[in-house]
Amino acid sequence: MRHRLLVALALGTLPLPAAAQALSGGAAGFNVQRRVFYQGAVYQQTGVWYGAAAAARLGPVRLGLSGLFGSLGGGGAQSPDVTIRATTVTLHLAVAPWMLVGAQAEARRFEADAGVTSWRLIGANVRAEPGLGLPGLTGLADVSVLPASSVSGGPSLKMAVQATVGVGFAPAGSHLAFRLGYRFERYDISASGASPERYEQFRGIVVEAGVRLGR
Amino acid sequence: MRRPLLALAVLLALAPRLAAQGDAGALIAAARTQLDQFNPDSASVLLERALTPNSGATTAQRVRAYVLYGIAQLTSRNATSARQAFRRALQLNPAERVDSLEFLEPENLLREFNAERAAVVAVAAAPTGGERLAVQVALPSDTTLAVTDGRLPITAVPSRRARAIVAVAPADAPTSVLWTDTLPAGGTGALGWSLRSRDGTLVPPGRYAVLVTAMDSVGAVSQTIERVIVLSRAPVDTQAPPAPLEPSSFAPETLRIRHGSPTAILFGVGLGAAAAFLPSALGRPELNKGLAGDGTAYAVAGSVTVAGLVGFFAGHRVQPLPENALRNAELRRQDATNRAAIATANARARETAAVRVQLEGGGP
């Protein structure tokens with residue numbers, strides 16, 4: 001069901017308010033490398049996540065919804081393969097034509113043979129897209145600090161930070177938009193019971209392509 | 001209250017059509033119905049239509065219309081207009097009686113009507129050696145008057161010592177008097193109409209009836225003499241508005257400069273550096289220890305930096321020129337002021353244009 005929702009968002013077929021000044025949507029790919037530090041050892045997994053994102057802007061307010069799903073593997077016996085699904089909602093206010101400030105909430109689900117783990121990541125987000133001198137050519141800096149985060153039924157996250165830096169291009173006279181970025185995520189998970197602290201980070205290239213309608 | 005208003009609106013819509021058809025009888029019948037329903041204003045509107053020169057009313061119909069109009073005016077507490085209407089009816093038919101209509105205005109109808117009958121009879125029986133009171137009217141056949149202080153001279157000469165009453169009304173509504181004046185008995189000279197109605201406003205161009213009646217000291221009244229004049233505005237010399245400002249009249253308000261803003265380079269290089277150092281800046285040492293730099297981060301960093309450089313060298317920016325913008329604004333303001341002055345002058349010229357007055361049937 002969730003996959004259908006993401007596909008619908010990507011195709012822009014969901015009914016959205018006609019009063020919106022701009023609608024955008026697209027597909028994304030994230031070539032991920034995950035590294036985990038646990039009990040003095042570092043484990044590494046890789047994989048590719050796919051997803052879609054959509055946003056509607058009404059005046060200075062922008063509401064965004066995105067989803068990613070994919071898998072991570074290759075970590076050996078100490079780090080079993082997992083399937084990941086992430087759903088993110090953002091609510092932004094434009095403080096300048098090129099800068100958005102707002103809140104972000106994300107649910108991330110890790111499913112492995114041993115069981116399912118869910119994260120709730122909640123915090124603030126700042127997104128800047130300054131022009132780079134040519135029509136449609138913009139930079140991208142997206143930073144999320146998620147202090148109200150925790151593992152569902154488990155410990156809290158001492159630190160949760162996501163950052164994406166890159167460049168975007170929307171050809172003049174076209175509704176298409178493309179984006180290339182580098183994404184980095186860091187999560188420090190508190191000790192819980194007999195389990196010591198665990199550190200995780202995700203990083204890799206993000207590629208997005210989509211359409212943008214409206215002003 | 002609402003029903004009479006609705007009826008009046010319907011009648012106002014129907015009246016021109018009935019009059020255009022020359023069906024004065026229908027108008028009079030409709031007016032009578034309105035009187036029965038106690039709608040004197042509606043009845044008056046219909047009767048004024050029936051009394052227009054082009055209504056095709058016969059003499060008997062005109063007598064009937066004047067009588068009903070007088071009754072409507074009595075009902076509306078306008079005794080002066082009522083008596084004038086009765087007088088016109090009796091001048092057309094001195095034997096006219098209104099006894100059968102008394103129920104429409106039981107308080108005043110017979111008294112007022114009979115008073116006018118007495119006055120008309122007194123004229124007919126005036127002891128002046130059989131000479132009936134008459135009045136002669138003289139108007140310029142074609143004259144032009146200034147709207148500020150021009151006056152149309154109206155000369156009325158009674159056949160014997162009597163005062164002359166002059167009234168002006170629209171030719172198609174002779175009962176709607178716009179102006180009236182009286183030349184005293186024994187007076188000489190002309191009365192002057194300033195071409196304005198009672199409220200002081202200049203009357204619009206059109207056909208107007210000049211109605212002159214003489215009345216002597218014993219109440220004898222002459223037959224009303226009617227002359228029709230045509231008012232029109234003399235052509236005026238107005239100024240043509242200036243041509244719209246050409247685009248070439250304006251100086252450019254912006255200057256297009258080759259190369260984008262230096263901030264494009266700053267943003268490109270800055271974001272590129274951020275991408276390159278993101279893992280080491282945000283990552284934990286435990287997770288990055290012993291690893292070489294992240295190639296994907298460098299690839300993105302290079303892409304962003306190149307984008308910034310391309311944006312700067314291939315782009316352009318627009319520099320505003322405030323002096324030219326101010327000059328253009330002043331040019332537009334002057335043009336608007338000039339146009340407004342010309343429009344005002346033209347409007348004033350039209351307002352003060354002289355009025356040409358031609359006597360209908362008065363020859364060239």
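## Contact between the chains

In this predicted model, the contact draws 25 residues from chain A and 28 residues from chain B. On the side of chain A that touches chain B, at least two residues each come from β1 (22-38), β7 (137-145), β9 (157-169), β10 (176-189) and β11 (198-214) of chain A. Sorted by class, this side of chain A comprises 16 nonpolar, six polar and three charged residues.

## Strand pairing in chain A

Three of the strands that supply contact residues, β7(A), β9(A) and β10(A), are also linked by pairing. Nine bridges connect β7(A) with β9(A) in the antiparallel sense; within β9(A), A:Gly166 is the bridge partner of A:Leu140. β9(A) is in turn joined to β10(A) by 12 bridges, and these two strands run antiparallel. Here A:Met159 has A:Asp188 in β10(A) as its bridge partner.

β9(A) and β10(A) form a hairpin with six residues between the strands, and in this hairpin A:Gly173 adopts a positive phi near 75 degrees.

## The open sheet of chain B

Chain B contains an open sheet of six strands in the order β2-β11-β8-β7-β4-β5, with antiparallel pairing. Its edges are formed by β2 (142-145) and β5 (179-183) of chain B, each of which pairs on one side only. On average, neighbouring strands of this sheet are turned by 25 degrees against each other, direction ignored.

Within the strand order, β7 stands beside β4. Strand β4 (residues 163-170) of chain B runs antiparallel to strand β7 (residues 206-215) of chain B, and eight bridges join them. B:Val166 has B:Val212 in β7(B) as its bridge partner. In general, strands of a sheet pair through backbone hydrogen bonds, in either a parallel or an antiparallel arrangement.

Conventions. Residues are numbered from 1 along each chain as its sequence is written. Chains are lettered from A and ligands numbered from 1 in the order in which they are written. This is a predicted model: local features need pLDDT of at least 70, side-chain atom pairs count only at pLDDT 80 or more; totals for chains, interfaces and linings use all residues. Two strands pair if DSSP finds at least two bridges between them. Helices (H or I, at least four residues) and strands (E, at least two) are DSSP runs, numbered from the N terminus. Axes are lines fitted to C-alpha atoms, for helices over the stretch in contact, and angles run from 0 to 180 degrees between N-to-C directions. Two residues are in contact if their C-beta atoms, placed from the backbone, lie within 7 Å. Ala, Val, Leu, Ile, Met, Phe, Trp, Tyr, Cys and Pro count as nonpolar, Asp, Glu, Lys and Arg as charged, and the others, Gly among them, as polar.
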